[in-house]
Amino acid sequence: MKRSFALGAIGALTLTACGGNGEEEADSIIVFAAASLNEVFEEIGELYTEETGAQVSFTFAGSSGLVEQLENGAPADVLATADETNMNNAVEGGLVAADPELFAENYLVIVTPAGNPADVASLEDLEDDAVETVICAVQVPCGAATQRISEAAGVAITPVSEETSVTDVLGRVRNGEADAGLVYATDALQGGDEVETVEIAGAEEDPNLYPIALLENADAPEAGQEFVDFVLTDELAQNILSEAGFTRPQG
Amino acid sequence: MNSATRRLTRPPTWILIPGLLGAAVVLLPVTGMMTRLNWAQLPELLTSASSLAALRLSLWTASAATVLCLILGVPLALMLAHARFRGLPVVRSLVLLPLVLPPVVGGLALLYTFGSQGMLSGALEFFGIRVAYTSLAVVLAMTFVSMPFLVISVETAVRGLDPEILEAATVDGATRTGILRYMVLPLITPGLVSGAVLAFARSLGEFGATLAFAGNQQGVTRTLPLEIYLQRETDPDAAVALSLLLIGVAIIVISAAYSRSSRPAER
């Protein structure tokens with residue numbers, strides 16, 4: 001009883017607060033975004049709030065987990081995933097209000113420890129057993145991308161370890177336990193001075209795509225669409241993405 | 001024990017309630033997992049090449065680690081049981097550290113010691129020994145986390161021995177090695193067996209140290225727990241099936257060992 005009374009009081013307060021804001025429909029949105037977007041979206045969110053005055057709260061998790069939460073009725077205005085597969089699942093589930101649009105790409109690179117001790121210059125060099133290479137297991141998205149790119153290049157990588165996450169691959173290269181590893185360009189940038197990046201020929205033609213879309217059940221569809229447009233077109237937002245290693249979609 | 005004293009030493013009836021709840025804490029989640037089991041595909045899931053490779057690797061590395069624990073852990077336990085010096089509690093708690101350490105921390109410690117950039121990398125390279133990304137790394141990780149279980153069991157058993165019997169043997173002219181071989185070891189066999197079983201079971205379940213230190217490659221370093229973790233990404237059915245397999249192996253080993261070692265105690 002006490003609790004419902006308290007909730008009612010809070011509801012009344014919220015109502016008055018909204019009423020006080022006059023004409024504006026809503027001034028806060030909820031964005032569901034892939035875990036790999038955590039840092040860049042926090043920054044973009046701050047910019048967006050400065051520009052429009054609308055507050056953004058984020059939920060970061062694995063893309064498949066986000067879609068599952070939405071399917072179970074989690075409230076959100078915008079969804080940004082780290083691959084098209086999960087966004088397509090959201091579209092098929094009727095969760096998305098407008099066609100998703102691509103706002104960033106990420107592609108695989110080779111990282112080596114600082115100084116490149118095994119002299120890795122190309123994907124072909126990873127066929128050598130003497131080069132201790134670490135990749136993602138094929139069951140996780142970065143491993144699937146690794147398989148696609150090595151098959152396309154006709155290269156049979158002989159890994160010493162297949163990790164369950166891309167951060168584990170980076171970790172092994174970072175502390176010098178592996179001569180080379182395949183990670184995303186954004187991960188390579190996170191490795192800083194401890195790693196060197198070797199570009200893979202043709203990797204940019206098979207990138208990992210990041211789509212964003214307004215959701216069907218958005219409480220604030222206008223502010224939500226504003227955020228989507230902001231990520232897609234704002235020059236500063238795009239700068240934040242490219243500084244983190246993301247590239248602009250070519251399509 | 002006769003039936004009269006047995007009745008007197010029996011615990012009060014009310015402990016049944018918390019006791020059964022205690023059993024439920026363990027059994028309920030296992031039952032919950034069983035309900036997710038895909039029985040129709042079970043044989044197929046368990047006999048896939050990757051599952052069999054993981055099972056084979058887990059069994060032989062855990063056995064090797066248990067043997068290593070016995071060879072090194074029994075002398076260590078004897079040392080701890082007989083040592084008399086001021087710093088003994090500190091030494092003991094250091095040796096038992098892996099019991100309380102998160103396995104990932106153990107893995108990092110092993111990495112910075114035996115890894116290719118680790119403290120001993122120069123010496124290992126000199127002798128041509130490669131540890132990282134080999135099954136040897138798995139055995140090392142398992143030995144590291146399992147050793148305390150064996151040491152505790154054996155030390156407790158040794159401390160429980162009647163010193164007068166051992167002294168009598170000395171008076172009769174037995175050598176110290178002779179006493180160890182013909183008296184101490186046979187007398188502590190139950191403790192030795194249960195310690196070895198615990199070490200084997202702990203090795204079988206080892207995950208964190210292996211993941212952080214050894215690597216993750218089918219047939220080489222990807223043990224059953226690592227295979228379960230990987231399968232969970234794409235095929236939860238396979239992960240549940242493999243978990244059941246791991247539980248099955250553990251139950252067989254533990255019950256076989258305890259049914260044998262508990263018999264002499266009941267006499």
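Two strands are taken to pair if DSSP finds at least two bridges between them, and helices (H or I, at least four residues) and strands (E, at least two) are DSSP runs that are numbered from the N terminus. The model described here is predicted, so that local features need pLDDT of at least 70 and side-chain atom pairs count only at pLDDT 80 or more, whereas totals for chains, interfaces and linings use all residues. Residues are numbered from 1 along each chain as its sequence is written, and chains are lettered from A and ligands numbered from 1 in the order in which they are written.

Chain A has nine helices and 10 strands. Of its 251 residues, 41% count as buried, a residue being buried if 20 or more other C-beta atoms lie within 10 Å of its own, exposed if 12 or fewer, and partly exposed in between, with C-beta atoms placed from the backbone. Among the contacts in chain A with a separation of 6 or more, 76% are accounted for by residues 24 or more positions apart; two residues are in contact if their C-beta atoms, placed from the backbone, lie within 7 Å.

One open sheet of chain A consists of five strands in the order β2-β1-β3-β10-β4, with mixed pairing. Its edge strands are β2 (55-61) and β4 (101-106) of chain A, each of which pairs on one side only, and the twist averages 20° from one strand to the next. Axes are lines fitted to C-alpha atoms, for helices over the stretch in contact, and angles run from 0 to 180 degrees between N-to-C directions. Strand β1 (residues 28-34) of chain A is joined by three bridges to strand β3 (residues 78-80) of chain A, and the two run parallel; the bridge partner of A:V31 in β3(A) is A:V78. On the other pairing of β3(A), three bridges link this strand to β10(A) in the antiparallel sense, and A:V78 stands opposite A:L214 in β10(A). Strand β10(A) is also joined to β4(A), by five bridges and with antiparallel direction, and A:E105 has A:L209 of β10(A) as its bridge partner. Because six of the seven residues of strand β10 (residues 208-214) of chain A are buried, this strand is largely enclosed by the rest of the structure. Helix α2 (residues 38-52) of chain A lies across β1 and β2 of chain A and runs at about 170° to β2(A).

A further open sheet is formed by five strands of chain A in the order β7-β6-β8-β5-β9, again with mixed pairing. Strands β7 (159-163) and β9 (195-199) of chain A stand at the edges with a single partner strand each, so one side of each is left without a neighbour in the sheet. In this sheet the twist averages 35° from one strand to the next. Strand β6 (residues 133-136) of chain A is joined to β7(A) by four bridges, the two running parallel, and A:T133 has A:P159 as its bridge partner in β7(A). Helix α5 (residues 141-153) of chain A packs on the sheet, where it touches β5 (108-113), β6, β7 and β8 (180-184) of chain A, and its direction makes about 115° with that of β6(A). Helix α6 (residues 166-174) of chain A lies across β5, β6, β7, β8 and β9 of chain A, running at about 140° to β8(A).

The loop between β5 and β6 of chain A contains A:N116 and A:D119. Phi is near 45° for A:N116, a positive value in a residue other than glycine, and near 50° for A:D119, likewise a positive value in a residue other than glycine. A:N116 is partly exposed, with 17 other C-beta atoms within 10 Å, whereas A:D119 is exposed, with 10 other C-beta atoms within 10 Å.

In chain B, helix α8 (residues 135-159) has 25 residues and reaches 35 Å from its first C-alpha to its last, close to the 36 Å expected at 1.5 Å a residue, where the expected span is 1.5 Å times one less than the number of residues. A kink of about 40° lies at B:S146 in α8(B), shortly before the proline B:P148, the bend at a residue being the angle between axes fitted to the seven residues ending there and the seven starting there. Helix α8(B) is mostly covered, with 21 of its 25 residues buried.
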